[in-house]
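Please read them with the structure open.

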Amino acid sequence: NAAKLRHADLVVWPENAVDLDPFKDATSGVEVRAAQAKIAKPLLVGAVLRRPDGRVGNASLLVNGEQMTEVYAKQRLVPFGEFMPLRKLIESYASRAELMPVDFAAGTTDGWVEVAGRRVGLLICFEVADDNLAWDRDYPIAGLVVQTNNATYDGLGQTEQQMLYAKVRAVENQLPVFVA
């Protein structure tokens, strides 16, 4: 219910919630902006973006009014999920490699958003398990937001594992960790 979300400082959609690049696909961009307009609060969206080199990127977009900005690109990619290690070798032995025809591009910088006057760090999916990405930043943060697509892995243990990592991150630094 959009009315309930109007009390939030930030609304978060999970990783890959938008799988058509909203910067390049007009319909996708219009729909994301319309959803944000309904809640009238900043919206952090997990999106798959097309990069100029033909690869795709797993990113966090901040949508606020007509402004839509990429604020983070996932740095630690998942082998066989976001890139194919030893692609040529694997393709010569396994036809299923064609199911992932394009590798994702990794981001290179930390991401953050401002929430209620505080800087909150951003992570995507299993990056929550990486000590360096979680806390080693050149600026203070008041907590973390982790965007995941764990619904894809329901019943396989990944959701529980990542929630345990999130709890460890919260306890070790005594800061909130929010998981979408």
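1. Does L86 count as buried or exposed? L86 counts as exposed, because its relative accessibility is 63%. The model is a predicted one, as for every point below. L86 sits in the loop between β4 (67–73) and α3 (87–93). Together with L89 and Y93, L86 forms a nonpolar patch on the surface. The accessible area of the three together is about 410 Å².

2. Next, helix α5. This helix covers residues 158–173, 16 residues in all. At 1.5 Å a residue it should span 22 Å. The end C-alpha atoms of α5 are 23 Å apart, which agrees. Q158, Q162, A166 and R169 are the buried residues to look at in α5. Seen down the axis of α5, the buried residues fall within an arc of 70°, so they line one face of the helix.

3. What do the buried residues of α5 pack against? Their partners are α4 (131–135) and β8 (177–179). The other side of α5 carries L164, K167 and V171, which are exposed. After α5 comes Q174, with a positive phi near 50°.

4. R169 is buried, because its relative accessible area is 3%. R169 forms a salt bridge with D131, and the closest N and O atoms are 2.7 Å apart. R169 lies in α5 and D131 in α4, so the pair ties together parts that are 38 residues apart in sequence. D131 counts as partly exposed, at 47% relative accessibility.

5. Helix α2 can be read in the same order. It has 14 residues, 26–39, and should span 20 Å at 1.5 Å a residue. Its end C-alpha atoms are 21 Å apart, which agrees. S28, G29, V32, Q36 and I39 are buried in α2. Down the axis of α2, the buried residues fall within an arc of 100°, so they line one face of the helix. On the other side of α2, the exposed residues are A26, T27, V30, E31, A37 and K38.

6. What covers the buried residues of α2? The cover includes α1 (2–5), β1 (11–12), β2 (43–50), β3 (56–64) and β4. Following α2 is A40, whose phi is positive, near 55°.

7. S28 counts as buried because its relative accessibility is 9%. Setting aside neighbours within four places in sequence, S28 is in contact with V18, L20, D21 and P22.

8. F23 belongs to the loop between β1 and α2. It is partly exposed, with a relative accessible area of 41%. Not counting residues up to four places away in sequence, F23 touches L49, L61, M68 and E70. F23 and L164 are 141 residues apart in sequence, and their C-alpha atoms are 34 Å apart in space.

9. How many salt bridges does a search of the whole structure find? The search finds ten. E15, K74 and E82 are linked in a network of salt bridges.

10. R87 is worth checking for its two partners, E91 and D103. R87 is buried, because its relative accessible area is 16%, under the 20% cut-off. With E91, the closest N and O atoms are 3.3 Å apart. R87 and E91 both lie in helix α3, four residues apart, about one turn of the helix. E91 is partly exposed, with a relative accessible area of 35%.

11. The salt bridge of R87 with D103 has its closest N and O atoms 2.5 Å apart. This pair links distant parts of the chain: R87 is in helix α3, and D103 is in the loop between α3 and β5 (111–115), 16 residues apart. D103 counts as partly exposed at 22% relative accessibility.

Note on methods: Residues numbered from 1 in each chain as written. Predicted model: local features only at pLDDT ≥ 70, side-chain atom pairs only at ≥ 80, totals over all residues. Heavy atoms only, no water. Patch = residues over 30% accessible without salt bridge, like charges linked within 9 Å, V, L, I, M, F, W, Y side chains within 5 Å. Areas by Shrake-Rupley, 256 points an atom, 1.4 Å probe, with all protein chains shown as cover. Salt bridge = Lys/Arg side-chain N within 4 Å of Asp/Glu carboxyl O. Helix = DSSP H or I, 4+ residues; strand = E, 2+ residues; numbered from the N terminus. Buried < 20%, exposed > 50% of the residue type's maximum accessible area, 1.4 Å probe, protein only. Expected span 1.5 Å × (residues − 1). Arc of directions from axis to C-beta. Contact = heavy atoms within 4.5 Å.
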